[in-house]
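Let's take a walk through this model together. We will begin at the ligand and then move on to the sheet.

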Amino acid sequence: MDEISAAFANAYQSKRLVYRDIENNDADKGLMHKFGPTDHISWGLVNSRLFRDINKKASLDWLGQFLESGLLLKVLICLPDSTKDVESSKLGPGSRAAKIRENATPIGSLTLSKFREGSLQASATTVGICIGEEYQNQGFGAEAISWAVDWAFKFANVHRVEIVAASYNERAVHLYQKLGFRLEGRKREVIYMNRKYYDAVEFGMLENDWKELSGSD
Ligand SMILES: CC(C)(COP(=O)(O)OP(=O)(O)OC[C@H]1O[C@@H](n2cnc3c(N)ncnc32)[C@H](O)[C@@H]1OP(=O)(O)O)[C@@H](O)C(=O)NCCC(=O)NCCS
């Protein structure tokens with residue numbers, strides 16, 4: 001396979017995970033609802049707006065609008081099914097990768113926002129991620145975010161990837177720093193939760209930072 005074909009064939013996979021576009025249908029939106037609003041702990045960590053229970057219909061309506069808002073990337077993070085032997089099938093590499101994506105189990109979702117508008121703006125995108133509770137703390141978040149950062153620089157001509165965490169989300173703050181995101185700012189006491197004010201901690205990664213970290217050229 002030549003270099004560009006290999007880049008296409010491997011574009012939606014990383015070491016242990018594969019990624020597929022989120023469909024604006026009840027099944028996929030139901031999964032996002034399950035990973036987010038239904039699990040109040042994850043919901044409190046990912047969402048810094050009013051902490052209220054959200055019924056499924058309201059959530060699916062909102063997700064429908066969100067998915068149609070021009071996102072740069074919207075994927076379900078999926079675990080391939082190790083019981084299905086697709087490797088030895090007669091399929092070519094492109095169809096094999098599609099088969100693996102089709103059979104894989106969704107464990108979380110990841111989005112990249114659309115570019116901010118304005119002629120002097122560098123092309124910048126913000127990561128949103130939520131991993132299902134039973135799959136957290138197993139390195140999948142780290143793997144998926146690294147994959148998305150690489151995808152953004154490789155395919156979308158992005159210059160900056162941004163990610164924001166509430167200061168009470170200590171796991172996220174730890175992870176983003178560990179992945180090499182630079183601390184760029186703190187919006188002080190902008191989040192009110194559980195009778196206290198918290199900061200929004202803002203991180204950024206430039207394409208050159210990523211080249212250095214990943215050893216890519
Ligand atoms: C935040 C999230 C994306 C991280 O993904 P993940 O797969 O759970 O995380 P990983 O296993 O890749 O990495 C977690 C890291 O945080 C560390 N960690 C876990 N709990 C921690 C805590 N309370 N404080 C500090 N570090 C913590 C882990 O030890 C690990 O670091 P290490 O590799 O140096 O040991 C995921 O947990 C999630 O979706 N949580 C719910 C929603 C959310 O918070 N989304 C992000 C909003 S900004």
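**Around the ligand**

A backbone N or O atom of I131 sits 2.7 Å from an oxygen atom of the ligand, a polar contact in the sense of a pair of N or O atoms within 3.5 Å. G139 also places a backbone N or O atom 2.7 Å from an oxygen atom of the ligand, while N169 brings a polar side-chain atom to 2.8 Å from an oxygen atom of the ligand. The protein covers 75% of the 950 Å² of accessible area that the ligand has on its own (Shrake-Rupley method, 1.4 Å probe).

A word on the source: this is a predicted model, where local features need pLDDT of at least 70, side-chain atom pairs count only at pLDDT 80 or more, and totals for chains, interfaces and linings use all residues. Residues are numbered from 1 along each chain as its sequence is written, and side-chain values use heavy atoms, leaving out hydrogens and water.

Which element gives the most to the shell around the ligand? Helix 7 does, with six residues (helices are DSSP runs of H or I with at least four residues, strands are E runs of at least two, both numbered from the N terminus).

Now turn to the sheet: seven strands form an open, mixed sheet in the order 1-2-3-4-5-7-6, where pairing takes at least two DSSP bridges between two strands. Strand 1 (18-21) and strand 6 (182-193) stand at the edges with a single partner strand each, so one side of each has no neighbour in the sheet. Strand 6 runs antiparallel to strand 7 (residues 196-206), joined by eight bridges; R182 has G204 in strand 7 as its bridge partner.

How values were computed: A polar contact is a pair of N or O atoms within 3.5 Å; within protein, one must be able to donate a hydrogen and the other to accept it, and residues adjacent in sequence count only if both atoms are side-chain atoms.
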